[in-house]
Structure formats: C-alpha cells, structure tokens
Amino acid sequence: MKYAIVIPDGCADEPQDSLGGKTPLQAARLPNMDRLAQMGVVGRSNNVPASLTPASDVATLSLFGYDPLLVYTGRAPLETAAMGIKLGPNDWAIRCNLVHIADERMRDFTAGHITSEDGRPLMEAMQAVCGGPASRFVPGLSGTLEFYAGVSYRNILVYRSDGTAPFSSQTRTQAPHDVPDQPIADHLPKGPGADLLCAIMERSREVLAAHPTNLRRQAEGKKPATQVWLWGQGRAPSLRPFAEVYHKRGAIISAVDLVRGVGVLLGWQRIDVPGATGYLDTDYAAKGRYGVAALADYDLVCVHIEAPDEASHEGRADEKVLALERIDTHIVGPLLEALPRYGDWRMLVSPDHRTTLRTRAHAHGQVPFVLAGTGIASRGQPSYDEVVAAQSDLSFDRGHELMRLLLG
Ligand SMILES: [Zn+2]
C-alpha cells in the first residue's frame, strides 16, 4: 500500500463575507479534493490539545500520529532538527524571528518576508555581536549563545550548556504571528530566563539598525528587520521512529523547517524541492512532481504547503482561495493520478490547524480532513469543506488517532 498526505497549512476557516458567505475551502474550485470526498470520507479532527498553543509544531505531530501531550517540548527544537543542528541534553533551542516593529507594535512577524539571502548576514551580525558567553547579558550564566540563519525570517538561537540553563517549563514567550499590530510591551518573555531573552532582543535593535543589509532594504522600499523576536523555546524531544511505531517508511516535502523537522525527527527522509519557498509564490507544480516521484521509494509521502496559512496571516481571502486551487491542481491531482499505479493506495488531505482570516491568527478547534483510497467506503459526501465535515459522524478528538485510520 502507498500513502500520500497533503497538508494545506492553516486552510480551515470560517465563512467570509468577501467570498459570498463561503469558507475558502467552499469558495475554491477543488475538483480533485472533491473527488476524494465523493469516493471516500470527510471527517474532522482536533490536532491541538486545549492546553497547547495552536501552531504547526503541535498540530503536525498529531497529524503524523504522535500525541503532542506526550512528546512536544517546543517549536524551536523541531526546527533545529530540520536544520541539522544537534542539541545536547541541557541545550535549549529558541526561535529567533527577524521581525519588523514600528511604533513599538508587531507590524510584521516576517520582516517583509525577508529573503534567506538578506536574513543570513543579519543573523551573522547577531552571532558576531551577541553570540558567545551568555554572561555578557546576564552575569552568572554559564552557557553560550549560538545564532543560526534558517529560511527567510525563521532563524534559531541555541543556548548551549554543560550545566543548567536559565529556562524552564515556566518560561513564557509569545509567538509573534499571533499578535499582529499589537504593542510588543504586552507580549515580552516572562518567567525563568526572560531577562536573558529580553536583553538579547533589546541589543538586537542596535545590531540590526546599523546593518548595511537593512539600510539597503530601506532604500529599496522594503521593510527592515528591526530586531529579533525570541520564542518557541524547548529542549530536544525524544520521538520513537515512525518506522518502529507504524512500520512504514516516510518522506516529507516542505519548505518550512518546522514541518521538515518533525518529519526528520520521526526518521522520514527530507526531500528538498527547488522553488519551494514556504510562501504564496511557491512552485506548486514542482512539489507535486517531487511528491509523485517519491512514491516510488517510500511507503508514505507527505507534501506540506505553507501558502494558505500565510494568506490567512495576511488577511487575504482571495490569495487563500488561489493557494487552495493551486494545491488541488498541481499536487493533489498528480498524486491522485499516480497512486493507483502502485496498486493499493490511500490519500489524506488535512490542514494541521485552523488559521482564520478574521483574526489573521492560528486558532484551536477541529479541522476538516478527507481520506480516500483502497478499502475506504464512500459515504456519499459531496465535497471537502468545513460544512460537510461538521455534518460528518467521523470525528477524532485526539487528532493523532487519525493515522491509524489512514494506515488501516
Ligand atoms: Zn501560521
């Protein structure tokens, strides 16, 4: 049996006035996803336990069949895994966004979707000035600070320590994408180690303000990265390999380090696709081609697309619809055509979490999924969307249990 999972990140949403009262999934023309719905089953699942923050880290663990309440330690350690950075038992990884703050408000958690080419020298400047002994920020700390450039605005700070780190499970930080345009003073780190995080963030303002890359961006009319924003801290999680738990060999295609990192930690092969950007301009067709090709070598191929989530964060309903239609045409369609060539097959389409256009932020709650293929009986549902899913009697309160249904 061959399996494919397609994740349109954050696609689950609410009815939109601008879409004639339809949700983006309803408004989009999705012939392939609707075909899956008609031949299989549409249901709903909850990938984010109430006690955890709704985001791709937690939700992806659920989608991949792992209970986040048991295995989740934080977002950044998952990304460091994708970046090939090893964490020791006392090390902490911390997400280090390049952000654009104006009037002391979180104006853009992506610093204008800064390119990796522009982000890298800024992170190198952070390493040069702020890297090294943490005691330069908070006297008495024994650890060292390492800054790593990632993809676009998504970078990593590692706190390395032979002994104890200043952070704990009581350390509170704020995901910047969930506080658009809000005053940052209300959302600074709190609890153990917050003094260190705040000091680094404060110092980064000076480091970045004078940097030639930022000056050039301003001259070009682009948003400068005004500072780093630290959040998502955690130690390395220990996850049992997917092949051991589910006896399938998996591969992951995603432009986003976080999602790749979850796959890599499960022992899935990471497949990089040229032209995959993690944004609205990603090369959908290339992801579809690589996904189809990977079916030859792996039992399970997962293709993740960030674009619907990004469109939601920008409050652009039309772009969200467009992203869904491109996913349907260029990724779901080709996979659906290729899978039967291998004999028995199954395919799952599901977002990780909800991202609503109304709030431009992630949200708790159930997401619609569609599952079809060998041995899955049709329930006569007409289409894949939130309304059909809400009427379905197939519901998973613990999203990680859906994997058992997929793998049968
Ligand atoms: Zn998001």
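At what angle do the axes of helix H6 and helix H8 cross? In this predicted model, the answer is roughly 145°. Helix H6 spans residues 116-130, and helix H8 spans residues 212-219. Their axes come within 9 Å. On the H6 side, the contact uses Asp118, Pro121 and Leu122. On the H8 side, Thr213, Asn214, Arg216 and Arg217 take part. By class, this contact holds 2 nonpolar, 2 polar and 3 charged residues.

Helix H11 covers residues 284-294, and helix H13 covers residues 317-338. Their axes come within 9 Å and cross at roughly 20°. Angles under 35 degrees count as roughly parallel, so H11 and H13 are roughly parallel to each other. Their crossing is right-handed. H11 brings Tyr284, Ala285, Lys287, Gly288, Gly291 and Val292 to the contact. From H13 come Ala323, Arg326, Ile327, His330, Ile331, Pro334, Leu335 and Ala338. These residues divide into 9 nonpolar, 3 polar and 2 charged.

Next comes the zinc ion. Its protein donors come from Asp309, His313 and His362. Along the sequence, the donor residues follow the spacing D-x3-H-x48-H. Why is the arrangement irregular? The 4 donor atoms subtend angles of 57 to 143° around the zinc ion. A tetrahedral site would need all angles between 85 and 135 degrees.

How values were computed
Residues numbered from 1 in each chain as written. Predicted model: local features only at pLDDT ≥ 70, side-chain atom pairs only at ≥ 80, totals over all residues. Heavy atoms only, no water. Axes fitted to C-alpha atoms, helices over the stretch in contact; angles between N-to-C directions. Helix = DSSP H or I, 4+ residues; strand = E, 2+ residues; numbered from the N terminus. Parallel < 35°, antiparallel > 145°, perpendicular 65-115°, else oblique. Left-handed = near helix turned anticlockwise from the far one by under 90°. Contact = heavy atoms within 4.5 Å. Nonpolar A, V, L, I, M, F, W, Y, C, P; charged D, E, K, R; others polar. Donors = N, O, S within 2.8 Å, 3.2 Å for Na, K, Ca; no water. Tetrahedral: all angles 85-135°; square planar, octahedral: opposite > 155°, others 65-115°.
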